[in-house]
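Thanks for coming. I will take a few minutes on one model, so please have the sequence and the structure open.

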Amino acid sequence: MTKLNDFVATVMLCVCYLLGSVKLFTIDTDSKGHPYFGSNEIRNVTTTVGNAAYLHCQVQQLGDKAVSWIRKRDLHILTVGVLTYTSDQRFQIIRSEKSSSNWTLQIKFPQIRDSGIYECQVNTEPKMSLPFRLNVIESKAKILGSADLHVREGSSVTFTCKVAQGPHDLNTVYWYKDNKILQPLESNEIQRIQIQNTWKEALTSQLHINSVNWSDSGKYSCMPTAALPADTNLYVITGEHPAAMHHGNTNSTAAMSPENSLVWAMAVIVISRLSLR
């Protein structure tokens, strides 16, 4: 019975401790606490060329110790505390007023060469370190289909642009025609131009043009906010033959006028007779 009572008492004590009603010991974080890293950090970070990268390191109970960021490939000390120890001004520490335990390394305008391992270190004995991997990729848009599209006047056209790499949750795509941004909403007429962006396995944007006419001919550009753009050309055929089409901003068709056709026919006849002599 005595052993049973001891067992019950031990169980009750553990339950009380878990519920917070009993303190088994107290830690003075200023003098006795040891630094430790937070457990919620994202340690594999991906960004695209030119878009700032952020490596978040959380250190609890830092006390009189210092946090440093080290680039692993050359063991270069980038920052110590809030001070930057590199001539590359793209690297700096960002501190949050709400949380003094966050030591975020910001890398502005990252390039492919910045990819690699970075370590968040605390100068304890032995040294504490937490590795982070930075992936910098060059994302490029791609317009599906041929680089040149020929369509007849009055038909409908859909361009599909995809960006398969990189983080896209905060990015979008803009469409341009001959370097001028397209506005989907048109006043005083049915909405003829529509743009739809979707985020699934890839960032996808579709440009739909209803009832195309000669003024729709030109260069169309898909320009993501976090990737290199892609271009395609639209040629609107206004006659029965492919020669009768408009190119870009030109105001005349490629079809021959009746006068030019007659001159061309006479030239062919003359050349043919000369070759028979």
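I will go through the disulfides, then the cores, then one lysine.

First, the ground rules. This is a predicted model, in which local features need pLDDT of at least 70 and side-chain atom pairs count only at pLDDT 80 or more, while totals for chains, interfaces and linings use all residues. Residues are numbered from 1 along each chain as its sequence is written, and side-chain values use heavy atoms, with hydrogens and water left out.

How many disulfides does the structure hold? There are two, a disulfide being a pair of cysteine sulfur atoms within 2.5 Å. One joins Cys-57 to Cys-120, with 2.1 Å from S to S. Its torsion about the S-S bond is about -80°, so this disulfide is left-handed. Cys-57 sits in strand S3 and Cys-120 in strand S9, so the pair ties together parts 63 residues apart in sequence. Strands here are DSSP E runs of at least two residues, numbered from the N terminus. Cys-57 is buried at 1% relative accessible area, and Cys-120 is buried at 0%. Buried means under 20% relative accessible area, exposed over 50%, and partly exposed in between, using a 1.4 Å probe and protein chains only.

The other disulfide is formed by Cys-161 and Cys-222, with their sulfur atoms 1.9 Å apart. Cys-161 is in strand S13 and Cys-222 in strand S18, 61 residues apart. This link is also left-handed, with -75° about the S-S bond, and both cysteines are buried. In sequence order, the bonded cysteines pair 1-2, 3-4.

Now the cores. By nonpolar core I mean a set of buried Ala, Val, Leu, Ile, Met, Phe, Trp, Tyr and Cys residues joined through side-chain atoms within 4.5 Å. The largest has 23 residues, and Cys-120 is among those with the most contacts inside it, as are Phe-37, Val-59 and Trp-69. Strands supplying at least two residues each include S3, S9 and S10, and S10 gives the most, with five. A second, separate core has 21 residues, including Cys-222 and Val-163.

Val-59 touches Cys-120 too, along with others including Phe-37 and Trp-103. Contact means heavy atoms within 4.5 Å.

Last, is Lys-142 buried or exposed? Lys-142 is exposed, at 54% relative accessible area, and lies in strand S11. Not counting residues up to four places away in sequence, Lys-142 touches Thr-160, Cys-161, Lys-162 and Ala-230.

Methods
Helix = DSSP H or I, 4+ residues; strand = E, 2+ residues; numbered from the N terminus.
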